[in-house]
Amino acid sequence: MPYTVRSSERTRSSGAEYETKALLYLMNLRSDSNDIHYFVVDFFNDLTGMDRFAENLWDMQSKGAKNNSPAAIGKEMVTLFKNYLSDFEFKDYILFLGGVSTTVRKDNSKDIFDISNIQDSALIKVKEGLKKEALDKTYINDFDVTDENIDEFLKKVLFVVDDKPSSEYVKAIIKDHPAIIPEEKILNAIFNEIRNAQSELKNTVVEGVVIQTTDEVLKYCRHLTNNEIRLMTLNRIINRNPVEKSSVPPSFIPIYSTWVPEKQREMLDECIQTLCKALFNKNAAAEFWGLFENIYSLIVSNPTYTVQQIYQSLDVEKRNASPDFDAISLKYFISVVKDGVQNDN
């Protein structure tokens, strides 16, 4: 059966903040985050994660209010419920909340929980809120809004309560490498850039669009990828686009100029392609950021070092652990980082 888009919407700035937090939660803070490649914005729901082949979907609704009542929580799950009733299969149903009232949780220390942590009296209100909202929606058939369907759906929902500032969600991208975590204002700038990119995807109208298979959503260009978000992060840290082809990094010119002229462009393109491959290799993400941390620290500690001196000073284990670089492309990456860091000072 086909899937019809219903109730897509533009979001206020406060709501957009929580949608970006929800995206970064999906990208970095789950045990299965590495499986998620695409982040589809306001198509199936506020946000939907998809794997590389659009076969597995993580459906997510966000609600930024800080004191959501049980009835409000039920109401906010209506799009998740709609997707549960559809013929498309979703791997997870997640409600991302800015906060909840004190009447909701049995254990208030748990910020990620299922219905087993919702108080019995609150759960009744949640069900009532969801049922009322579902019956009000023209895109949900009334005969599907049964107590049985609601009970089975709620068993599958994961509730996530926001418990950290925006900057902490960005830190999670590079959490294992504290030496390269920038100051708060840069972290916030990265968050705002992701939020703006996410919001811009809503400029096209998809209300009423009908698709037959989940992969068809990609042709509407309503998605970001984890690669794009990593690149935004790296751009901000080193103050330049590391894969920009417009010019040769100044620090790389002594190496570039030794190549025969007819090979220069080809070899430079290979360096850029290798850097892209290393940056976007999800299977070696920790290794890439570990090597970057080593390069960054050496540059900051030794501002007069040449690219060759930095290369020679690298931690050999970290260098060898990143599988995509070779000697030339790694020196290119060092040049990009060196020029970006030192031009920012």
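**Burial, packing and a pocket**

Visitor: Why is Ile237 called buried?

Guide: The relative accessible area of Ile237 is 8%, and buried means under 20%, whereas exposed means over 50% and partly exposed lies in between (1.4 Å probe, protein chains only). Ile237 therefore counts as buried. The model is a predicted one, in which local features need pLDDT of at least 70 and side-chain atom pairs pLDDT 80 or more, while totals for chains, interfaces and linings use all residues. Numbering starts from 1 along each chain as its sequence is written, and side-chain values rest on heavy atoms, without hydrogens and water.

Visitor: Where is Ile237 placed, and which residues is Ile237 in contact with, leaving aside neighbours within four places in sequence?

Guide: Ile237 belongs to helix α8, residues 226–238; helices are DSSP runs of H or I with at least four residues, strands are runs of E with at least two, and both are numbered from the N terminus. With those neighbours set aside, Ile237 is in contact (heavy atoms within 4.5 Å) with Ile174, Ile180, Pro182, Phe292 and Tyr296. The C-alpha atom of Ile237 is separated by 17 Å from that of Phe280, a residue 43 positions away along the chain.

Visitor: What makes α8 and α11 roughly parallel?

Guide: Two packed helices are described by the angle between their axes and by the distance between those axes. Axes are lines fitted to C-alpha atoms, for helices over the stretch in contact, and angles between N-to-C directions run from 0 to 180 degrees. For α8 and helix α11 (residues 285–301), the packing angle is about 5 degrees and the axes are 13 Å apart. Angles under 35 degrees count as roughly parallel, over 145 as roughly antiparallel, 65 to 115 as roughly perpendicular and the rest as oblique. α8 and α11 are therefore roughly parallel to each other. Where they meet, α8 contributes Arg230, Thr233, Leu234, Ile237 and Ile238, and α11 contributes Ala285, Phe288, Trp289, Phe292 and Tyr296. Eight residues of this contact are nonpolar, one is polar and one is charged; Ala, Val, Leu, Ile, Met, Phe, Trp, Tyr, Cys and Pro count as nonpolar, Asp, Glu, Lys and Arg as charged, and the others, Gly among them, as polar.

Visitor: Why is α10 called roughly perpendicular to α14?

Guide: Helix α10 (residues 261–279) packs on helix α14 (residues 327–343) at about 75 degrees, with axes 9 Å apart. That angle makes α10 roughly perpendicular to α14. Met267, Leu268, Cys271, Ile272, Thr274 and Leu275 of α10 meet Ile328, Ser329, Tyr332 and Phe333 of α14. This contact has eight nonpolar, two polar and no charged residues.

Visitor: How do you know that α3 and α5 are roughly perpendicular to each other?

Guide: The axes of α3 and helix α5 (residues 147–154) cross at roughly 105 degrees and come within 11 Å. α3 and α5 are therefore roughly perpendicular. In α3 the contact residues are Leu80, Phe81, Tyr84 and Leu85, and in α5 they are Asn149, Ile150, Glu152 and Phe153. Six of these are nonpolar, one is polar and one is charged.

Visitor: How much space lies in the second largest pocket, and what makes it a pocket?

Guide: A pocket is an open set of points on a 1 Å grid over the protein atoms alone where a 1.4 Å probe fits, with protein on both sides within 12 Å along at least five of seven lines; lining residues have an atom within 4 Å of a point. The second largest pocket holds about 400 Å³, taken as the space filled by probe spheres set on points joined across faces, edges and corners. It is lined by 14 residues, and Pro2, Lys82, Leu85, Ser86 and Tyr139 are the closest to its centre. β1 (3–4) and α3 (78–85) each supply at least two residues of that lining. The lining comprises six nonpolar, four polar and four charged residues.

Visitor: Why does Glu76 count as buried?

Guide: Glu76 has 18% relative accessibility and so counts as buried. Glu76 lies in helix α2, residues 70–76. Apart from residues up to four places away in sequence, Glu76 touches Gln61, Lys63 and Leu95.

Visitor: What is the phi of Asp42, and why is Asp42 called buried?

Guide: Asp42 has a positive phi of about 50 degrees although it is not a glycine. Its relative accessible area is 5%, so Asp42 is buried. Asp42 sits in the loop between β2 (38–41) and β3 (47–50). Ala54 has a positive phi near 60 degrees and lies in the loop between β3 and β4 (57–63). At 2% relative accessibility, Ala54 counts as buried.
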